[in-house]
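Which charged side chains pair up, and where do they sit in the fold? Follow the salt bridges through the structure below.

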Amino acid sequence: MQLRTTVTAAAGLAAILGGLMAPASSATESAGTTIWSRSSEGGPLAEVGSKYTGPQENLAKNASPSDRPSRPAPSSPEEEAQKAKESGDTYLASPTARPEAAPSSGAAGPIPDFAGCNAMPEGHRPQGAIINHFEFCRWGYNTATKLDGQGRIEGQVRFKETEVGNGSNAARLATIHLKVTELTATGIFATGATMSLMPATAGSPNLNGCEVKNFDPIPHSKPVADWNNAYMLYQLSSPNGDPNRIDNVSTCVFESDYKVSSSRGETPWSDGNDGGLRMDSAAYLNPYGKEGAIFDRVTPFLTYDYNTDVKAVAGHIAAAFTNPNATLPRPAAGRPKFIPGDYFGNGTKVTRNYPGFNAASAQIQRNNRSAKDRACATMTRPNPTDQCDEFPFASTKEGAGKGDGNFSVRYVPQPDNSKAGAALSKWYGQDRILDGDSYGVRIINAPANP
């Protein structure tokens, strides 16, 4: 849980210094302390007037009430990739199934499945659950607690917040659906209080480049009691990205922040857990959408099933993963092969290379083709129609042309090779895999010695 202590201005400098010097158990003794906390369980609120024994630190970033929540920290595409790696989140992507995504800039996407999200235990994690590039889920119980100068509770508000997100394969636009349930309030928040919601965003490379759309008024405020079972949505858009990339990539960090106001004053804005999006204008992904938005803090896996019409290619990749030194070309003496892409096996991924991206990518493609052709020329073609298949794929930056010898070639039937290649190209488009994007490859149902 992300926790930070904040004290309202009424506490004064002496109270702040005292709080810093006091042990954690007495950190709430300052007058005017408001604590925002988040947990995976609801349960009854504490009795008004009782000593507070909950979390001693605060989810709120700002030390006092304000008109707007603090911005989250911006995140570049490289930082987003690192967050995906650190999270360890993955999903298996089928090259024949297209995930649900918002269909256009004017649509909100599929009907949000809040019940399905709440049934996912991993949805409570700070990063939520990224189901795939186009589906996101997060839930948790938010609690605002106001204390007096002796650490006694003056009032609390608790509610379950569920977020369901949809990316897009048609626009630089994502939709965040929100539902508030199980709301209870006590003390100074029980009557006459209002609660407000306001999305906070940060863009990259332009800090202000991530825009909140279709959410009016900002902030959205109403009586606390009226929030129970409330549903709303907001959309996030980034019209422009990095002008130095042909796909105009930008990133968007977002969070949903709340504050509660009563006759006794208002809380600071909560600092909600943030999420990450990447938006692009990649015309080279056509016909699967010239623009799009994905939840990017996850590693996708292309999956080939050995028991399908790509059996020969799936078998080749499985053999390269399980026994790389037995593949062709044979490794040089004293230099065993280490073939990348088997994330679940050796912890590595491969990286898409689109030759039209820039001169460097075009050269990688030429190098891959040349090195693969040289290796295939030393082999005997079993049948006249067989084709020489290579792994890592020719469309990766880790292909045969890298020059380290960590690749494999094998003759396979032409239909298998063509269908596997078509499935890969389709998946690149459907899942919005851009030049420089990393992914894993997984083979299912392969025998021990394919």
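Exposed means over 50% relative accessible area, and buried means under 20%, with partly exposed in between. Keep those cut-offs at hand. The model is predicted.

A salt bridge here is a Lys or Arg side-chain nitrogen within 4 Å of an Asp or Glu carboxyl oxygen. By this rule the count comes to 16 salt bridges.

Begin with R297 and E80. Their side chains form a salt bridge, 3.0 Å from N to O. R297 lies in the loop between β14 (292-295) and β15 (299-305), and E80 lies in helix α2 (residues 77-87), so the pair ties together parts 217 residues apart in sequence. R297 has 10% relative accessibility, so R297 counts as buried. E80 is buried too, at 1% relative accessibility. A network of salt bridges links E80, K83, D274 and R297.

Next, turn to R264 and E154. Their side chains meet in a salt bridge at 2.6 Å, N to O. This pair links distant parts of the chain, 110 residues apart. R264 sits in the loop between β11 (250-262) and β12 (265-266). E154 sits in strand β5 (residues 153-166). E154 has a relative accessible area of 16%, so E154 is buried.

Finish with E266 and K259. Their side chains form a salt bridge of 3.2 Å, N to O. E266 counts as partly exposed because its relative accessibility is 29%. K259 is buried, with a relative accessible area of 7%.

Notes
Residues are numbered from 1 along each chain as its sequence is written. This is a predicted model: local features need pLDDT of at least 70, side-chain atom pairs count only at pLDDT 80 or more; totals for chains, interfaces and linings use all residues. Side-chain values use heavy atoms; hydrogens and water are left out. Helices (H or I, at least four residues) and strands (E, at least two) are DSSP runs, numbered from the N terminus. Buried means under 20% relative accessible area, exposed over 50%, partly exposed in between (1.4 Å probe, protein chains only).
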